Amino acid sequence: MILGVVGMALSHGAALLGAWALFKRVRDVPESCRLLVFLVLHLTLISLVVIAAGMLGALSSAPLGGVGLVALLLLLLFRNRLGLTLPWRRLSMSWWGAASLLLVARFLIQAWLFAPSNGDALGYHLPKIAEWVRGGRFTPQMGPDTHSTFPASFELVEAWWVLFLRQDVLIELAGLEFLILGSAATYAIADFLGLSPRAAAWSALLYALTPGLYLQTVSCLNDAPVAALLLSCVALILRKNPPLGLLACAIGLGCGVKATFIYALPGIGVLAYLFRSGRIARPARLQWVLGACGVILGSFWYFRNLFWFGNPIHPVGVSGLTGSHPIQFGASAGSLIDNLFNLIRFRVYDRAEPMGATLANVAGWGALGFSSGAAALVLLLREDGRLRRLAIGFIVMAAGVFSCVLPDAWAMRFVLFFPAILCIAAIRVAEQWRPYLLPVVAAALLQVVGTLLPAELGYGGLRVLLSQSWRERTLSGQYFMNVGDNPIGYFADGRVPVYLLYRPDFSRKIVYFKPRSADALLAEASSSGVRRFFARPISLESVEILAEGLDSGRLRKIGPAFYEIVPP
Amino acid sequence: MPEGQAPSSVLGPELATCILALTISVVAEPRGFWHEWSFLLSACWLALILCKNSRLRPVIALCAAMVLLLVYGAGYVPLVFSLLQGAR
């Protein structure tokens, strides 16, 4: 563990300093975009490092710590040449600063106390990280779920937070960086719209408190990072002479996180047109390099799928994906209309059920978006031409997403960028007319309470986690009986929180069975040294295989969904 | 607040769109006979169109925001507290 901590400190230090060195070489960064640009560069750097390490089989503490040490020494050696004066500034405390510090402190406490609890994260986002960490490289085995092969750039950042310690206690911190990125982008957009620095900062803080966004980031889900990256693109595109290389990095990161990012790109294009500023200057050399990085990040997972599965968007085909978690392919006017009406009729009220990170049947825009944000936007749209154009872009972005996703219970989590404009509008009105702060503050306080706990975790789950030490913090006991075997087998269809079987320190090997008969299942178990396995078959074929094993006496049920191989 | 900058030529279409939105929010199913959110926002919009006094406009938005906050809180607050109390 101590070597892991050292490796982590060296690598994280090198990544931060490396991003700072790059930042110093990017020219003409407006004051309001500094944090945004730094975070985009940092995320680009660590994503590329994890991709390289994953491909070279160096995805563990020792090699990455070694590289981090060398990089850190070089950066410090050439710090004068690189102009690496650190941005120390005297911190002047303000209400905003205090509130931000409290929010970050609360996030850190939540990250420390929470363990992954969301079904999607446990079912298909995190198992691949467990396999990478166990294998020390990218592995063909990414988990049993149909969605396991989806783009995974957010998982790269999550892996960055777990691979050094081989422990997932800090995994939620990947979300924190994206939460700050989304806020930094909101700040830059608000600044562009003419808000004072203080007002822009408050709108950024309020956006971070958007319940859907916040609960996503603390629950290892990737829709909030997509929203943050979309807002980053918006903030960059609004600038006179947008930095194209940086924009490519943000777009590349977004495309690599989730395809829903791509659905919103037409809206970014509309914004680029509406806010065009004449001739675009020839990009500097660094921007070309950053552009190339963006292309790599944006295409990596799609090329991997093309090489491994023959289809860049595997397992989705031109007719979409069927099954228990279907996916639409292409745009559909019906989806657009249904999603829009679902939002207005039901979801925006956030009252269908307690809010979880998946945002089932709710929008997650929070009280501020619903009340003071929406009313302020209606007011300002009639008076502010720039906000009107920005709103058109946001509406096109949302329409692009809504038209390309099925109108299911979870569709609203794909438009979490939208509350940013509502937060900006609310603060804009409050800045000009102080009494408007009353509903804004009331809504913000409600959101502070509403972001304490995701529904998936719940009070019961939190009590379970609090009773455990940080090394063993997991919700495994809520889903699986305690079986000490290592390795353990897995034979199930559908979505199962399989990540929990790996244990928080990734110490358990999972053997995924894909048998065509009971004999084949036993043979796979025998060859891999598995004595017990988890089984929850759904398809008729799988049910029959399990039944055959049980009927013949070669398998024995030992508990809920757990089976044992009977020795011959 | 700054004076409204919407050109007078768009006032007619804007008014028509607003009344259409208001009508849809009243007649649309299935939440009883109207949708509070879209109805209140449309009503706020209509009031803003009709209001010629720029000082009154933020007051209209404030009233709408307060009512909307109550509507939101009525459904959301019980859910949050049931979650925090472990009722789920």
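## Polar contacts and salt bridges between the chains

Across the interface of chain A and chain B, eight residue pairs are found in polar contact, both residues of each pair having a pLDDT of 80 or more; a polar contact here is a pair of N or O atoms within 3.5 Å, where within protein one atom must be able to donate a hydrogen and the other to accept it, and residues adjacent in sequence count only if both atoms are side-chain atoms. The elements that each give two or more residues to the side of chain A touching chain B are α16 (333-345), α17 (366-381), α20 (437-450) and α21 (458-466) of chain A, and the largest share of that side, ten residues, comes from α17(A). Helices (H or I, at least four residues) and strands (E, at least two) are taken as DSSP runs and numbered from the N terminus.

The structure is a predicted model, in which local features need a pLDDT of at least 70 and side-chain atom pairs count only at pLDDT 80 or more, while totals for chains, interfaces and linings use all residues. Residues are numbered from 1 along each chain as its sequence is written, chains are lettered from A and ligands numbered from 1 in the order in which they are written, and side-chain values use heavy atoms, with hydrogens and water left out.

## Area and composition of the interface

The contact (heavy atoms within 4.5 Å) takes 43 residues from chain A and 42 residues from chain B. Together the two chains bury about 3900 Å², with 71% of it on carbon and sulfur atoms; buried area is the accessible area (1.4 Å probe) that two parts lose on being put together, summed over both. Arg351(A), Arg382(A) and Glu383(A) supply 21% of the area that chain A buries against chain B, more than any other three residues.

Two salt bridges are found across this interface, a salt bridge being a side-chain nitrogen of Lys or Arg within 4 Å of a carboxyl oxygen of Asp or Glu. Glu383(A) meets Arg57(B) through such a side-chain salt bridge, at 3.5 Å from N to O.

## Nonpolar cores

The largest nonpolar core has 203 residues, and those with the most contacts inside it are Leu36(A), Leu390(A), Phe417(A) and Tyr436(A). Such a core is a set of buried Ala, Val, Leu, Ile, Met, Phe, Trp, Tyr and Cys residues joined through side-chain atoms within 4.5 Å, and buried means under 20% relative accessible area, exposed over 50%, and partly exposed in between (1.4 Å probe, protein chains only). Apart from this core lies another, of 13 residues, which includes Phe513(A), Ala535(A), Ile545(A) and Tyr563(A).

Leaving aside its neighbours within four places in sequence, Tyr436(A) is in contact with residues of both chains, among them Ser372(A), Ala376(A) and Val429(A) as well as Pro58(B), Leu62(B) and Ala65(B).

Strand β1 (residues 488-492) of chain A is mostly covered, with five of its five residues buried. From β1(A), Ile488(A), Tyr490(A) and Ala492(A) point one way, and Gly489(A) and Phe491(A) the other way.

β1(A) pairs in the parallel sense with strand β2 (residues 510-512) of chain A over three bridges, pairing requiring that DSSP find at least two bridges between the strands. Four bridges join β1(A), also in parallel, to strand β3 (residues 532-536) of chain A. Gly489(A) has Val511(A) as its bridge partner in β2(A) and Phe533(A) as its bridge partner in β3(A).

## Salt bridges within chain A

Over all chains the count comes to 16 salt bridges. One of them joins the side chains of Arg413(A) and Asp120(A) at 3.2 Å, N to O; Arg413(A) lies in the loop between α18 (385-404) and α19 (419-432) of chain A and Asp120(A) in helix α6 (residues 119-135) of chain A, so this pair ties together parts that are 293 residues apart in sequence. Both residues of the pair are buried.

Asp120(A) also meets Arg495(A) in a salt bridge of 3.0 Å, N to O, which links helix α6 of chain A with the loop between β1 and β2 of chain A, 375 residues apart. Arg495(A), like Asp120(A), is buried. A further salt bridge, between Glu155(A) and Lys128(A), spans 3.0 Å from N to O, and both of these residues are buried. Salt bridges that share partners join Asp120(A), Asp145(A), Asp223(A), Lys258(A), Arg413(A) and Arg495(A) into one network.
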